[in-house]
Amino acid sequence: MELSIYQLSTVLKKIGIVPSVARHKDEALSELQKVHFDCVIIDLFIPDSSDGFELIKESVNKRMKSGIDSKIVVISGTDDKSLVDKCYELGVDFYIQKDKDWHSKLLKYLSTSFEVDKNTS
């Protein structure tokens with residue numbers, strides 16, 4: 001888990017995004033209540049899928065209540081179509097399977113969704 005957090009933080013910093021990291025569900029839920037995020041990136045299995053789905057639901061609820069169009073992205077090592085479909089049904093904007101190029105997929109999505117510094121590498 002720490003390697004993925006480190007990898008993700010590094011990728012985001014390269015494009016000028018300062019990430020806030022939560023390592024478990026309760027920490028993430030606490031942060032969601034205190035801070036507005038332009039984008040919430042959720043690892044579906046943190047530490048299990050029920051926690052990930054709860055975070056998705058809370059993120060979608062906060063987005064709906066605030067009226068602010070924050071993006072919700074799920075990253076996961078699974079390609080189970082039923083889990084992917086459930087993510088989209090709950091309101092996720094983008095699902096990325098953790099494969100060898102998941103970093104580039106995330107960067108592409110973020111660069112098309114937000115103003116990011118494309119000259120940074």
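**Cavity, pocket and fold of a predicted model**

The lining of the largest cavity contains five nonpolar, four polar and two charged residues. Here Ala, Val, Leu, Ile, Met, Phe, Trp, Tyr, Cys and Pro count as nonpolar, Asp, Glu, Lys and Arg as charged, and the others, Gly among them, as polar. The model is predicted: local features need pLDDT of at least 70, side-chain atom pairs count only at pLDDT 80 or more, and totals for chains, interfaces and linings use all residues. Residues are numbered from 1 along each chain as its sequence is written, and side-chain values use heavy atoms, with hydrogens and water left out.

Rolling a probe the size of a water molecule over the atoms shows where empty space is left. On a 1 Å grid over the protein atoms alone, a cavity is a set of points where a 1.4 Å probe fits but cannot get out. A pocket is an open set with protein on both sides within 12 Å along at least five of seven lines. Lining residues have an atom within 4 Å of a point. Grid points are joined across faces, edges and corners, and a volume is the space filled by probe spheres set on the points.

One cavity of 30 Å³ or more is present in the structure. The volume of the largest cavity is about 80 Å³. Its lining includes Leu-32, Val-35, His-36, Phe-37 and Val-40. Ser-59, Lys-62, Arg-63 and Ser-66 are also among the lining residues. Helix H3 (residues 49-66) gives the most to this lining, with four residues.

The largest pocket holds about 790 Å³ of space. It is lined by 35 residues, and Ser-20, Val-21, Cys-39, Val-40 and Ile-41 lie nearest its centre. Of the lining residues, 22 are nonpolar, seven polar and six charged. Helix H1 (2-14), helix H2 (25-34), strand E1 (39-43) and H3 each supply at least two residues.

The protein has five helices and three strands. These are DSSP runs, numbered from the N terminus (helices: H or I, at least four residues; strands: E, at least two). Along the sequence, the pattern reads α-α-β-α-β-α-β-α. The radius of gyration is 14 Å, close to the 14 Å that the globule rule gives for 121 residues, so the protein is as compact as a globular protein of that length. This radius is taken over C-alpha atoms, and the rule is 2.2 Å times the number of residues to the power 0.38. The C-alpha atoms fill a box of roughly 35 × 30 × 25 Å, taken along the principal axes.

Of the 121 residues, 36% count as buried. Buried means under 20% relative accessible area, exposed over 50%, and partly exposed in between (1.4 Å probe, protein chains only). Contact means heavy atoms within 4.5 Å. Among contacts between residues at least 6 apart in sequence, 55% join residues at least 24 apart.

Ser-76 is found in strand E2 (residues 71-76). Ser-76 counts as buried because its relative accessibility is 0%. Leaving out residues up to four places away in sequence, Ser-76 touches Asp-43, Leu-44, Phe-45, Tyr-95, Ile-96, Gln-97 and Lys-98. Asp-43 itself lies in strand E1. Gln-33 belongs to helix H2. Gln-33 counts as exposed because its relative accessibility is 59%. With residues up to four places away in sequence not counted, Gln-33 touches Glu-58 and Lys-62.
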